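Reader: Could you walk me through how to read a core, a pocket and some ring pairs?

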Amino acid sequence: MASWVGKSTEELIDSIYKKINKLKILYPHNKDNHKYRWNVRVQNIIKLILLLLRHVQDS
């Protein structure tokens, strides 16, 4: 999450949106492929959402 220090709210929201869309596209076709580590991807999105919430509360 250190790479997000100093980034704008817009950049954070855009990144979350892109990651969710990518997951929605890839998962139905590759859900049984363990190479994609779906749990890790979802956890990273959750962390970004929590970071966004903290960012908005501090504003």
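Author: We'll take the core, then the pocket, then the rings. This is a predicted model, where local features need pLDDT of at least 70, side-chain atom pairs count only at pLDDT 80 or more, and totals for chains, interfaces and linings use all residues. Residues are numbered from 1 along each chain as its sequence is written, and side-chain values use heavy atoms, with hydrogens and water left out.

Reader: Which residues make up the largest nonpolar core?

Author: In soluble globular proteins, nonpolar side chains tend to be buried together. A nonpolar core here is a set of buried Ala, Val, Leu, Ile, Met, Phe, Trp, Tyr and Cys residues joined through side-chain atoms within 4.5 Å; buried means under 20% relative accessible area, exposed over 50%, and partly exposed in between, with a 1.4 Å probe and protein chains only. In this model the largest one has five: Trp-4, Leu-12, Ile-16, Leu-48 and Leu-52. The elements giving two or more residues to this core are α1 (9-30) and α2 (38-58); helices are DSSP runs (H or I, at least four residues), numbered from the N terminus.

Reader: And what does Trp-4 touch?

Author: Setting aside residues up to four places away in sequence, Trp-4 contacts Glu-11, Leu-12, Ser-15, Leu-48 and Leu-51 (contact is heavy atoms within 4.5 Å).

Reader: Which residues line the largest pocket?

Author: Rolling a probe the size of a water molecule over the atoms shows where empty space is left. On a 1 Å grid over the protein atoms alone, a pocket is an open set of points where a 1.4 Å probe fits, with protein on both sides within 12 Å along at least five of seven lines; lining residues have an atom within 4 Å of a point. Here the lining is Lys-19, Lys-22, Leu-23, Arg-41, Asn-44, Ile-45 and Leu-48, and α2 gives the most, with four residues.

Reader: How many aromatic pairs are there?

Author: A pair of aromatic rings is described by the distance of the centres and the angle of the planes. Rings of Phe, Tyr and Trp (its six-membered ring) pair if their centres lie within 6.5 Å; planes under 30 degrees apart are stacked, over 60 edge-to-face, the rest tilted. That gives two pairs. Tyr-27 and Trp-38 have ring centres 5.2 Å apart and planes at 85°, so they are edge-to-face. Tyr-27 sits in helix α1 and Trp-38 in helix α2, so this pair ties together parts eleven residues apart in sequence. For Tyr-36 and Trp-38, the centres are 5.0 Å apart and the planes at 15°, so that pair is stacked.

Reader: Is Tyr-27 buried, exposed or partly exposed?

Author: Tyr-27 is partly exposed, at 38% relative accessible area, while Trp-38 is buried at 11%.
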